[in-house]
Amino acid sequence: MFTVTLLCSPADPSLDPALVDSLRNAWGGNDATWLAPDEAAEFAVDIRPDNQWDVWADLQGMGVDLVIQQTKGRRKKMLLADMDSTMIQQECIDELAEEAGVGARVKDITARAMNGELDFDGALTERVGLLKGLPESVIAKVLDERITLMPGGAALLATMKADGAYAALVSGGFTAFTTKVAAELGFDENRANMLHVADGKLTGEAGRPILGRQAKVEALEQITAKLGITEADVMAVGDGANDLGMLKRAGAGVALHAKPSVAAECDIRINHGDLTALLFVQGYSRDEFKG
(Lines give C-alpha, C1' and ligand atoms only; values in the text may rest on other atoms or scores of the structure.)
Protein backbone atom coordinates (compact mmCIF):
# COMPACT_ATOMS: atom_id res chain seq x y z
CA MET A 1 0.00 0.00 0.00
CA PHE A 2 1.19 3.49 -0.87
CA THR A 3 0.10 6.90 0.35
CA VAL A 4 -0.22 9.82 -2.05
CA THR A 5 0.19 13.24 -0.42
CA LEU A 6 -0.65 16.53 -2.13
CA LEU A 7 0.25 19.84 -0.51
CA CYS A 8 0.83 23.49 -1.31
CA SER A 9 2.28 26.58 0.33
CA PRO A 10 0.64 27.37 3.69
CA ALA A 11 1.07 31.04 2.83
CA ASP A 12 -1.38 30.54 -0.05
CA PRO A 13 -3.53 27.48 0.75
CA SER A 14 -5.18 26.81 -2.60
CA LEU A 15 -5.23 23.04 -3.03
CA ASP A 16 -8.32 22.37 -5.15
CA PRO A 17 -10.52 19.49 -3.89
CA ALA A 18 -11.49 18.81 -7.51
CA LEU A 19 -7.81 18.27 -8.35
CA VAL A 20 -7.41 15.82 -5.47
CA ASP A 21 -10.54 13.89 -6.48
CA SER A 22 -9.50 13.82 -10.13
CA LEU A 23 -6.12 12.34 -9.31
CA ARG A 24 -7.61 9.90 -6.81
CA ASN A 25 -10.06 8.66 -9.43
CA ALA A 26 -7.37 8.38 -12.12
CA TRP A 27 -5.17 6.28 -9.84
CA GLY A 28 -7.95 4.21 -8.29
CA GLY A 29 -7.29 5.56 -4.83
CA ASN A 30 -9.30 5.29 -1.64
CA ASP A 31 -11.24 8.20 -0.20
CA ALA A 32 -9.14 11.31 0.37
CA THR A 33 -8.35 12.56 3.86
CA TRP A 34 -7.76 16.27 4.30
CA LEU A 35 -4.84 16.95 6.64
CA ALA A 36 -5.39 20.70 6.43
CA PRO A 37 -8.23 22.49 4.59
CA ASP A 38 -7.13 23.75 1.16
CA GLU A 39 -3.51 22.90 2.01
CA ALA A 40 -2.81 19.17 2.30
CA ALA A 41 -4.64 15.95 1.49
CA GLU A 42 -3.76 12.26 1.14
CA PHE A 43 -5.22 9.03 -0.20
CA ALA A 44 -4.07 5.44 -0.45
CA VAL A 45 -3.34 3.45 -3.61
CA ASP A 46 -2.46 -0.21 -4.03
CA ILE A 47 0.50 0.31 -6.38
CA ARG A 48 2.86 3.17 -7.18
CA PRO A 49 1.55 4.88 -10.36
CA ASP A 50 3.76 4.56 -13.42
CA ASN A 51 3.21 8.19 -14.39
CA GLN A 52 4.12 9.62 -10.98
CA TRP A 53 6.81 11.98 -12.22
CA ASP A 54 4.85 13.20 -15.23
CA VAL A 55 2.01 14.14 -12.90
CA TRP A 56 4.50 15.62 -10.41
CA ALA A 57 5.85 17.92 -13.15
CA ASP A 58 2.34 19.04 -14.11
CA LEU A 59 1.43 19.75 -10.49
CA GLN A 60 4.59 21.78 -9.93
CA GLY A 61 3.24 24.28 -12.43
CA MET A 62 0.11 24.56 -10.26
CA GLY A 63 2.08 25.20 -7.08
CA VAL A 64 1.40 21.71 -5.71
CA ASP A 65 3.90 19.20 -4.32
CA LEU A 66 3.22 15.49 -4.84
CA VAL A 67 4.76 12.78 -2.66
CA ILE A 68 4.19 9.03 -2.97
CA GLN A 69 5.65 6.63 -0.41
CA GLN A 70 4.99 3.29 1.19
CA THR A 71 2.31 3.68 3.82
CA LYS A 72 3.92 1.34 6.34
CA GLY A 73 6.54 3.03 8.50
CA ARG A 74 6.15 6.54 7.12
CA ARG A 75 5.91 8.11 10.57
CA LYS A 76 9.56 8.37 11.60
CA LYS A 77 11.41 8.03 14.90
CA MET A 78 14.22 10.45 14.09
CA LEU A 79 14.77 13.72 12.24
CA LEU A 80 18.21 14.39 10.76
CA ALA A 81 18.35 17.93 9.43
CA ASP A 82 20.73 20.18 7.58
CA MET A 83 20.81 23.78 8.85
CA ASP A 84 21.67 26.31 6.14
CA SER A 85 18.77 26.98 3.73
CA THR A 86 16.90 24.18 5.52
CA MET A 87 16.27 24.97 9.19
CA ILE A 88 17.32 28.59 8.63
CA GLN A 89 16.64 30.69 5.54
CA GLN A 90 20.24 31.73 4.99
CA GLU A 91 23.72 30.29 4.43
CA CYS A 92 25.60 31.36 7.55
CA ILE A 93 28.97 31.60 5.82
CA ASP A 94 27.49 33.89 3.16
CA GLU A 95 26.17 36.21 5.86
CA LEU A 96 29.56 36.33 7.58
CA ALA A 97 31.13 37.06 4.20
CA GLU A 98 28.82 40.04 3.70
CA GLU A 99 30.12 41.48 6.95
CA ALA A 100 33.69 40.81 5.81
CA GLY A 101 33.12 42.57 2.47
CA VAL A 102 33.60 39.43 0.37
CA GLY A 103 29.93 38.49 0.04
CA ALA A 104 29.65 38.13 -3.72
CA ARG A 105 32.75 35.96 -4.02
CA VAL A 106 31.76 33.64 -1.18
CA LYS A 107 28.13 33.35 -2.34
CA ASP A 108 29.32 32.19 -5.75
CA ILE A 109 31.49 29.48 -4.20
CA THR A 110 28.66 28.41 -1.88
CA ALA A 111 26.16 28.11 -4.72
CA ARG A 112 28.54 26.02 -6.80
CA ALA A 113 29.42 23.78 -3.86
CA MET A 114 25.76 23.20 -2.92
CA ASN A 115 24.99 22.33 -6.53
CA GLY A 116 27.75 19.72 -6.49
CA GLU A 117 30.06 21.57 -8.87
CA LEU A 118 32.89 21.91 -6.33
CA ASP A 119 34.47 19.64 -3.71
CA PHE A 120 32.78 20.59 -0.44
CA ASP A 121 35.88 20.40 1.78
CA GLY A 122 37.95 22.52 -0.59
CA ALA A 123 35.15 25.03 -1.07
CA LEU A 124 34.67 25.42 2.68
CA THR A 125 38.40 25.87 3.25
CA GLU A 126 38.55 28.57 0.58
CA ARG A 127 35.54 30.44 1.93
CA VAL A 128 36.69 30.32 5.54
CA GLY A 129 40.07 31.64 4.40
CA LEU A 130 38.35 34.73 3.03
CA LEU A 131 36.98 35.47 6.52
CA LYS A 132 40.44 35.82 8.08
CA GLY A 133 40.65 38.80 10.40
CA LEU A 134 36.89 39.17 10.89
CA PRO A 135 36.13 39.98 14.56
CA GLU A 136 34.60 37.06 16.42
CA SER A 137 31.92 39.46 17.70
CA VAL A 138 30.49 39.60 14.17
CA ILE A 139 29.10 36.08 14.65
CA ALA A 140 26.68 37.29 17.33
CA LYS A 141 25.78 40.27 15.16
CA VAL A 142 24.95 38.02 12.20
CA LEU A 143 22.91 35.69 14.40
CA ASP A 144 20.89 38.59 15.76
CA GLU A 145 20.44 40.60 12.58
CA ARG A 146 20.70 38.27 9.58
CA ILE A 147 19.59 34.74 10.56
CA THR A 148 15.90 33.77 10.43
CA LEU A 149 14.31 30.39 10.99
CA MET A 150 12.69 28.53 8.11
CA PRO A 151 8.88 28.62 8.43
CA GLY A 152 7.42 25.47 9.95
CA GLY A 153 10.57 24.37 11.75
CA ALA A 154 9.27 24.93 15.27
CA ALA A 155 6.11 22.93 14.56
CA LEU A 156 8.12 20.15 12.91
CA LEU A 157 10.41 19.71 15.90
CA ALA A 158 7.73 20.08 18.55
CA THR A 159 5.36 17.64 16.84
CA MET A 160 7.90 14.91 16.12
CA LYS A 161 9.47 15.18 19.57
CA ALA A 162 6.05 15.04 21.25
CA ASP A 163 5.59 11.75 19.40
CA GLY A 164 8.88 10.44 20.80
CA ALA A 165 11.24 11.21 17.91
CA TYR A 166 14.89 12.19 18.30
CA ALA A 167 16.18 15.26 16.44
CA ALA A 168 19.74 15.92 15.27
CA LEU A 169 21.05 18.99 13.44
CA VAL A 170 24.06 18.19 11.22
CA SER A 171 25.57 21.05 9.28
CA GLY A 172 28.46 21.86 7.01
CA GLY A 173 28.21 25.28 8.66
CA PHE A 174 29.54 26.21 12.06
CA THR A 175 28.93 25.29 15.69
CA ALA A 176 28.56 28.97 16.61
CA PHE A 177 25.33 28.89 14.59
CA THR A 178 24.09 25.32 15.13
CA THR A 179 24.32 25.66 18.92
CA LYS A 180 21.87 28.56 18.94
CA VAL A 181 19.54 27.16 16.26
CA ALA A 182 19.46 23.74 17.92
CA ALA A 183 18.63 25.26 21.31
CA GLU A 184 15.93 27.51 19.87
CA LEU A 185 14.17 24.73 17.97
CA GLY A 186 14.69 21.90 20.44
CA PHE A 187 17.16 19.61 18.67
CA ASP A 188 18.62 16.89 20.88
CA GLU A 189 22.11 17.34 19.46
CA ASN A 190 24.00 19.29 16.83
CA ARG A 191 27.16 18.72 14.81
CA ALA A 192 29.00 21.24 12.64
CA ASN A 193 32.40 22.69 11.81
CA MET A 194 34.46 24.81 14.20
CA LEU A 195 35.75 28.25 13.26
CA HIS A 196 39.18 28.90 14.74
CA VAL A 197 39.63 32.14 16.64
CA ALA A 198 42.75 33.87 17.96
CA ASP A 199 42.96 37.24 19.69
CA GLY A 200 39.26 37.80 19.12
CA LYS A 201 39.45 37.38 15.35
CA LEU A 202 38.78 34.54 12.90
CA THR A 203 42.02 32.92 11.80
CA GLY A 204 40.72 31.93 8.39
CA GLU A 205 40.86 28.24 9.30
CA ALA A 206 38.25 25.65 10.21
CA GLY A 207 38.71 22.71 12.53
CA ARG A 208 39.67 19.36 11.09
CA PRO A 209 38.28 17.04 9.98
CA ILE A 210 35.73 19.09 8.05
CA LEU A 211 32.15 17.96 8.47
CA GLY A 212 31.00 17.38 4.91
CA ARG A 213 28.92 14.84 3.01
CA GLN A 214 30.47 11.72 4.54
CA ALA A 215 30.28 13.11 8.07
CA LYS A 216 26.52 13.50 7.67
CA VAL A 217 26.25 9.84 6.66
CA GLU A 218 28.37 8.90 9.68
CA ALA A 219 26.04 10.93 11.90
CA LEU A 220 23.12 8.92 10.53
CA GLU A 221 24.93 5.65 11.23
CA GLN A 222 26.15 6.62 14.68
CA ILE A 223 22.93 8.12 16.01
CA THR A 224 20.67 5.33 14.75
CA ALA A 225 23.02 2.78 16.34
CA LYS A 226 22.95 4.73 19.62
CA LEU A 227 19.15 4.88 19.60
CA GLY A 228 18.71 1.26 18.53
CA ILE A 229 16.67 2.18 15.46
CA THR A 230 17.21 1.55 11.75
CA GLU A 231 17.99 4.00 8.97
CA ALA A 232 14.49 3.30 7.67
CA ASP A 233 13.19 5.00 10.84
CA VAL A 234 14.85 8.30 9.88
CA MET A 235 13.55 11.33 8.01
CA ALA A 236 16.45 13.40 6.67
CA VAL A 237 16.06 16.85 5.14
CA GLY A 238 18.48 19.06 3.23
CA ASP A 239 18.99 21.09 0.08
CA GLY A 240 22.61 20.75 -1.05
CA ALA A 241 24.88 18.23 -2.72
CA ASN A 242 26.62 17.54 0.59
CA ASP A 243 23.26 16.30 1.94
CA LEU A 244 22.72 13.64 -0.71
CA GLY A 245 24.51 10.89 1.20
CA MET A 246 22.19 11.09 4.18
CA LEU A 247 19.12 11.82 2.03
CA LYS A 248 19.64 8.61 0.07
CA ARG A 249 20.33 6.48 3.14
CA ALA A 250 17.44 7.66 5.30
CA GLY A 251 14.07 5.97 5.12
CA ALA A 252 12.62 9.29 3.96
CA GLY A 253 15.04 11.71 2.32
CA VAL A 254 13.43 15.10 1.75
CA ALA A 255 14.89 17.60 -0.73
CA LEU A 256 13.53 20.89 0.61
CA HIS A 257 13.59 23.78 -1.88
CA ALA A 258 16.71 22.02 -3.10
CA LYS A 259 19.14 22.65 -5.90
CA PRO A 260 17.77 20.97 -9.08
CA SER A 261 20.66 18.52 -9.26
CA VAL A 262 19.93 17.45 -5.68
CA ALA A 263 16.15 17.22 -6.02
CA ALA A 264 16.53 15.06 -9.13
CA GLU A 265 18.10 12.32 -6.98
CA CYS A 266 15.42 12.34 -4.26
CA ASP A 267 11.95 10.80 -4.25
CA ILE A 268 10.51 13.35 -1.81
CA ARG A 269 10.79 16.85 -3.23
CA ILE A 270 9.19 19.80 -1.45
CA ASN A 271 9.33 22.97 -3.52
CA HIS A 272 6.14 24.78 -2.43
CA GLY A 273 5.46 23.71 1.14
CA ASP A 274 7.48 24.76 4.17
CA LEU A 275 8.93 22.48 6.88
CA THR A 276 5.43 21.46 7.99
CA ALA A 277 5.31 19.48 4.73
CA LEU A 278 7.52 16.94 6.51
CA LEU A 279 4.68 16.41 8.99
CA PHE A 280 2.02 16.08 6.30
CA VAL A 281 3.99 13.39 4.46
CA GLN A 282 4.16 11.44 7.74
CA GLY A 283 0.37 11.63 8.00
CA TYR A 284 0.05 14.29 10.70
CA SER A 285 -2.94 16.60 10.29
CA ARG A 286 -2.56 20.28 11.08
CA ASP A 287 -4.70 19.94 14.20
CA GLU A 288 -2.08 17.49 15.53
CA PHE A 289 0.75 20.00 15.18
CA LYS A 290 2.47 21.14 18.37
CA GLY A 291 4.38 24.30 19.10
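**Close-up 1. Arg269 and the rings of Trp53 and Trp56.** The charged end of R269 sits over the ring of W53, at 3.9 Å from the ring centre. It also sits over the ring of W56, 5.0 Å from the centre. A charge counts as sitting over a ring if NZ of Lys or CZ of Arg is within 6 Å of the ring centre and within 35 degrees of the ring normal. The model is predicted: local features need pLDDT of at least 70, side-chain atom pairs count only at pLDDT 80 or more, and totals for chains, interfaces and linings use all residues. Residues are numbered from 1 along each chain as its sequence is written, and side-chain values use heavy atoms, with hydrogens and water left out.

**Close-up 2. Aromatic pairs.** The whole structure holds 2 aromatic pairs. W53 is partly exposed at 29% relative accessible area, whereas W56 is buried at 15%. F280 and F289 form a tilted pair, 5.3 Å centre to centre and 40° between the planes. F280 is buried, with a relative accessible area of 1%, and F289 is buried at 14%. Rings of Phe, Tyr and Trp (its six-membered ring) pair if their centres lie within 6.5 Å; planes under 30 degrees apart are stacked, over 60 edge-to-face, the rest tilted. Buried means under 20% relative accessible area, exposed over 50%, and partly exposed in between (1.4 Å probe, protein chains only). Helices (H or I, at least four residues) and strands (E, at least two) are DSSP runs, numbered from the N terminus.

**Close-up 3. The two sides of helix 6.** In helix 6 (residues 137-145), the buried residues are V138, I139, V142 and L143. They lie on the same side of helix 6 because they cover an arc of only 140° around the axis, taken from the directions from the helix axis to the C-beta atoms. They pack against helix 3 (92-100), helix 8 (175-185), strand 8 (195-198) and strand 9, where contact means heavy atoms within 4.5 Å. Exposed S137, D144 and E145 are on the face turned away from the buried side.

**Close-up 4. Backbone features in loops.** A cis peptide bond, with omega about -5°, joins R208 and P209. P209 is in the loop between strand 9 (201-206) and helix 9 (213-227). D38, a residue other than glycine, has a positive phi near 65° and belongs to the loop between strand 2 (33-36) and strand 3 (40-45).
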